[in-house]
Structures are given as structure tokens and as C-alpha cells.
Amino acid sequence: MTIAIVGASGAVGQELMRVLDERAFPVDKLRLFGSERSAGTHYTFRGMDCVVERLEHGDQFRGVDIAFVSAGGSVSMAYAEDITRYGAVMIDNSSAFRMDADVPLVVPEVNAADALVRPRNIIANPNCTTILMVLPLRALQQLSPIRRVHVSTYQAASGAGAQAMRELEEQYCQVIKGEQVTVRKFPYQLAYNLIPQIDVFCDNGYTREEMKMYHETRKIMHSDLSVSAMCVRVPSLRAHSESVWVETERPISVAEAREAFRTAPGCALMDDPDCIGNGRTDELPYPMPLFLSGRDEVFIGRIRQDLANPNGLTFFLVGDQIRKGAALNAVQIAEYLNHQMVNGK
């Protein structure tokens with residue numbers, strides 16, 4: 001199998017290579033593509049010397065089976081026809097095609113079969129915050145239909161890319177040294193600050209990031225549930241967090257929710273606040289991004305009945321934006337497709 005990665009030098013591109021290797025995905029040949037700036041860069045993958053090729057229009061993707069694309073929406077739209085022309089499946093990490101009716105939007109633990117119906121041979125990877133949220137939502141949906149969701153996200157610098165992560169580290173150093181703070185990737189200084197804006201504002205006062213959570217959740221879950229989001233950039237380096245309030249048709253007890261989260265694919269229950277009072281330090285009482293970066297699971301804790309809604313439940317989650325929020329989810333889609341092919345489906 002020949003695999004391509006477009007945007008190979010970026011944070012997600014690098015994570016894709018790690019995840020493909022860690023999960024022993026069948027790769028006979030790996031081809032890397034990037035901008036003129038990254039072309040010529042060498043990377044080693046399973047002993048193979050892989051050189052980044054400059055992405056160009058033409059027949060570069062002849063013979064490619066699966067192409068992971070993580071170079072921004074404008075690149076995805078400009079090169080989609082080139083990538084898919086000879087039969088390659090394009091798994092796209094941008095927002096370019098997510099809401100197109102003829103492009104499936106897939107989180108494998110929730111709606112894997114949608115990936116089999118792809119008229120344009122494009123499969124979209126959802127927004128990172130949506131991916132992290134729909135895993136526990138699916139677990140609750142199996143207990144009772146969900147009516148509405150309110151969510152506040154606390155999104156790390158990693159959501160804006162590798163340069164944004166470096167900028168946050170640079171800002172902390174500059175503040176400590178009393179130097180002028182450099183601001184390039186964010187609208188304001190992020191170090192020692194919170195920014196209640198991710199992406200541009202829409203006419204309704206919500207940001208585009210918040211509207212992605214509304215539209216994408218409904219498409220992935222095949223549901224008309226209502227979603228209201230407030231997305232906030234926080235000065236942590238990697239892994240996103242979310243506070244989620246869910247209203248279901250019938251009340252779901254905390255015990256039911258804990259068991260559902262404990263057994264849900266892709267989820268991990270981390271809900272033991274009593275361990276602090278008991279002086280235990282062998283495990284975390286609830287999810288925190290500092291300790292859970294680099295992990296594959298979505299960790300869920302602080303599970304409570306909603307005091308303002310008899311049919312409400314609230315919880316806190318943490319998931320690595322670069323792994324499950326991007327690279328891992330894309331590789332899991334490829335694994336599902338490969339499994340279907342191997343089994344003749």
C-alpha cells in the first residue's frame with residue numbers, strides 16, 4: 001500500500017507518521033509532500049528515507065492508495081482533484097469539505113460506515129473539538145436520545161499549529177524576562193491570558209469554530225440535536241479540554257453515565273475526586289491536559305447531575321488535539337477502510 005502525507009512537515013503531518021508507525025499500519029511506500037519551503041527535507045520512516053516532494057498539479061498521486069492531507073483548506077480545495085484523480089482516497093484534515101453533502105464526515109467510533117459512501121473519494125476529518133465531544137455523546141445517546149448540548153472549550157495552543165506552540169513558549173519567556181511580547185499567531189498575547197475567540201466571528205455572534213461544533217456534531221451523529229458552544233483559547237501547550245452540559249429525553253444517572261463512559265470505544269473514565277481527600281497520588285482524580293498530552297483516549301471526569309435541569313448531565317473531558325483530534329482519527333479511518341478491503345466489503 002502506498003500512503004501519501006500532504007503537509008508532512010507540520011505538527012499533524014509529523015504526528016501522522018508517528019501514529020502510522022505505532023499502530024503498524026501497512027505501508028509499503030510512504031510519499032511526503034509539502035510547500036517549496038519544506039521540499040527536500042528528509043524524514044526516516046521504518047528505515048525508509050523519505051524526502052518531502054514539492055506539491056504540484058499533475059499526476060504526482062498516481063499509484064497512491066490513501067492520501068492524508070493536512071496543509072490547510074486552501075491547499076485541500078486546490079489539489080483535491082489531483083489527489084483523487086487516479087483513485088486515491090483523500091482523508092482531509094481541513095474544514096474545506098466537512099459540510100459538503102457528498103463528503104462523509106467521520107469519527108470511526110461513531111459513524112465509521114459513512115466512510116464507505118464517498119462519491120468524490122474524499123473523507124473529511126472533523127474539527128478537533130467536535131471529535132473529542134462526540135465520543136462521550138455517542139455513549140450517552142445509546143442510553144437516551146440527546147436533545148441539546150452546551151459546551152465550553154478550553155483549547156490549547158496546539159490547535160493553531162506547531163508555530164503557535166512555539167509562540168506560547170516564547171511569550172512565557174518574554175514575560176518572565178520583562179521583554180516585549182511577540183504576537184503573531186493569536187489576536188492577543190496568550191501567555192497568562194485567555195482569549196474567548198477562535199477563528200473569525202459570524203453574523204450571529206458565534207465564531208466559525210463554534211459553528212463548526214454545531215453543524216459537525218449533527219452531521220456525524222445523524223441527529224437534529226441543538227449545540228451551543230463557547231470556544232476559548234487557553235495558555236496550555238497541548239491537549240484540549242471541554243466542559244459539556246447534555247440534556248437527554250430521560251434523566252441519566254451518574255452511575256449510568258460512568259459505566260457508559262467506562263466502556264465506550266475511545267473513552268477513558270477518570271472520575272475520582274475523593275482520592276485527593278484520601279491523600280492518594282497514584283492516579284489523577286479528574287482529567288487535566290498537562291498530564292494527558294500524547295494519549296489516544298478522550299478522558300472524562302467531573303460527572304454530575306445538572307442542578308439546573310432534571311434531565312441534564314454535565315462532565316469535563318480532555319483529549320489530545322494533535323492525536324485523536326487530528327492524526328489518530330485520520331489513521332483510524334484508514335484502518336477501517338483497509339479492514340473493509342481485506343474482508344472484501
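The largest cavity in this predicted model has a volume of about 40 Å³, where a cavity is a set of points on a 1 Å grid over the protein atoms alone at which a 1.4 Å probe fits but cannot get out, and a volume is the space filled by probe spheres set on the points, joined across faces, edges and corners. A search of the whole structure finds 1 cavity of 30 Å³ or more. The lining, made of residues with an atom within 4 Å of a point, consists of Val12, Leu16, Phe68, Val69, Ile91, Asp92, Asn93, Asn125, Ala326, Ala327 and Ala330. Two or more residues each come from helix H1 (11–22), strand S5 (66–69), strand S6 (89–92) and helix H10 (323–342), with helices (H or I, at least four residues) and strands (E, at least two) being DSSP runs numbered from the N terminus. H10 gives the most, with 3 residues.

Helix H4 (residues 128–141) and helix H6 (residues 208–221) pack at an angle of about 40 degrees with their axes 10 Å apart, axes being lines fitted to C-alpha atoms over the stretch in contact and angles running from 0 to 180 degrees between N-to-C directions. The two helices are therefore oblique to each other, a class left over once angles under 35 degrees (roughly parallel), over 145 (roughly antiparallel) and 65 to 115 (roughly perpendicular) are set aside. In the contact (heavy atoms within 4.5 Å), residues of H4, among them Met133 and Leu137, meet residues of H6, including Met213 and Ile220.

Residues are numbered from 1 along each chain as its sequence is written. Local features need pLDDT of at least 70, side-chain atom pairs count only at pLDDT 80 or more, and totals for chains, interfaces and linings use all residues, while side-chain values use heavy atoms, with hydrogens and water left out.

Definitions and conventions: On a 1 Å grid over the protein atoms alone, a cavity is a set of points where a 1.4 Å probe fits but cannot get out, and a pocket is an open set with protein on both sides within 12 Å along at least five of seven lines; lining residues have an atom within 4 Å of a point.
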